[in-house]
Amino acid sequence: MKVLIFSHGDLLNALKDGFKNNSNFNVIGVTCSIEELIKMVGDQGRVVVVMDLTTTEEMFTDVVAVAKSKDIRIIAVCKDVRRGFTFLKNGAQDMVVAPFKRTPQDMKSFAQNLVSKVGKVFKEYDTNTKSLKHNFDKKVVNIIAIGSSTGGTEIILKILKKLPKDTPPILIVQHMPAVFTKMYAKRLNAQCPMSVWEADDGDKLENGLALVAPGEMHMRLQMKNGKYTVTCKREASVGGHVPSVDVLFNSIADFTNRNAIGVILTGMGSDGASGLLRMRQKGAYTIGQDEKSSVVYGMPKVAHSMGAVVVQAPPDEIPQLIMDRVSSFKAV
């Protein structure tokens, strides 16, 4: 198990000592430079970066960006639990609080806890890798659309965290006010393998990119110069919602067929049901969240009752259902 230590502070020796006598781990380098981190990681595959955020907190965002591009993991070593949860929210896989007192026993316990956390992260690495099987060569999907409302923010996060970084483009409508959609997209971007941002009018779709519809705007798929792009417009509400899942799903149905997947998640009302039915009628594979796992079994219930849903499933199963049908083809 390869470990890289990102530190230049007084915890450096303790961080190194934790792995020194453990043959399960290989410390491939020690640095406090983003450039050196990139060079040391190279193409080595799975690496866990132990980042001493008691002294290098300002570099955290840059390391997260590297971690996403290289598919590596971060364990945050921080001053207190409150800061630790902030790092977890913004891209770290786990955290360890540095000891306030630096007695030999405190440092020993700290090192043992750190080594245990690194081992746990590697186990999750293996689990996530094994849980999602790529069948790219047999499938033709190159666009995915997700719609949700009440209770959907955490479900979307759960799904995206398990999808590989080269997943075909995803368009997301989550009912929420404008001020929150940009913040939500940033949160997804920090915690998921794919790049995620709030959509802007004219954005092009690419593998590895998920776009969140801006609050108070309808997002639609369109074809421009032979490429998929999106439009984001301030318009009247549809079914009481801006953005509307139905607006997105109907636009998907206009430009796609069996090369699309539609997913409708927890939420009150019926937004997205009729659009999902159109997608299915055009040949798309459609997934609805099941009743047991839904915070509000409204939108997926209506979609299922009108025959718009091919399969119902809990959130834990949805990523694999998606991956069973995607391809490595680039968005057209």
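## Salt bridges

Glu-235 is partly exposed, at 35% relative accessible area (buried means under 20%, exposed over 50%, and partly exposed in between, using a 1.4 Å probe and protein chains only). Its side chain meets that of Arg-220 in a salt bridge, 2.8 Å from N to O; the term stands for a side-chain nitrogen of Lys or Arg within 4 Å of a carboxyl oxygen of Asp or Glu. Arg-220 sits in strand β10 and Glu-235 in the loop between β11 and α8, so the pair ties together parts 15 residues apart in sequence. (Helices, H or I with at least four residues, and strands, E with at least two, are DSSP runs numbered from the N terminus.) Arg-220 is partly exposed too, at 28%.

By this rule the count comes to 9 salt bridges. Another is Lys-158 with Asp-316, with 3.0 Å between the closest N and O atoms. Lys-158 belongs to helix α6 and Asp-316 to the loop between β14 and α11, so this pair joins parts that are 158 residues apart in sequence. Then there's Arg-83 with Glu-57, at 2.2 Å: Arg-83 is in helix α4, and Glu-57 is in the loop between β3 and α3.

## How to read the numbers

This is a predicted model, where local features need pLDDT of at least 70 and side-chain atom pairs count only at pLDDT 80 or more, while totals for chains, interfaces and linings use all residues. Residues are numbered from 1 along each chain as its sequence is written, and side-chain values use heavy atoms, with hydrogens and water left out.

## The open sheet

In what order do the 5 strands of the open sheet line up? They run β2-β1-β3-β4-β5, with parallel pairing (two strands pair if DSSP finds at least two bridges between them). β2 and β5 stand at the edges with a single partner strand each, so one side of each has no neighbour in the sheet. From one strand to the next, the twist averages 20 degrees. β1 and β2 pair over 5 bridges, and Lys-2 has Asn-26 in β2 as its bridge partner.

(Axes are lines fitted to C-alpha atoms, for helices over the stretch in contact, meaning heavy atoms within 4.5 Å; angles run from 0 to 180 degrees between N-to-C directions.)

## The nonpolar cores

A nonpolar core is a set of buried Ala, Val, Leu, Ile, Met, Phe, Trp, Tyr and Cys residues joined through side-chain atoms within 4.5 Å. The largest has 31 residues, and Leu-188 and Ile-146 are among those touching the most other members. Helix α6 gives the most to this core, with 5 residues. Beyond its neighbours within four places in sequence, Leu-188 contacts Ile-156, Leu-157, Leu-160, Val-196 and Val-212. Apart from this core lies another, of 30 residues, including Met-217 and Leu-221.

## Cysteines

How many disulfides does the structure hold? The count is 0, a disulfide being a pair of cysteine sulfur atoms within 2.5 Å. For Cys-32, the closest cysteine sulfur is 19 Å away, in Cys-78, which is too far for a bond. Cys-232 is likewise 19 Å from its closest cysteine sulfur, in Cys-192, again too far for a bond. Cys-32 is partly exposed at 32%, whereas Cys-232 is buried at 7%.
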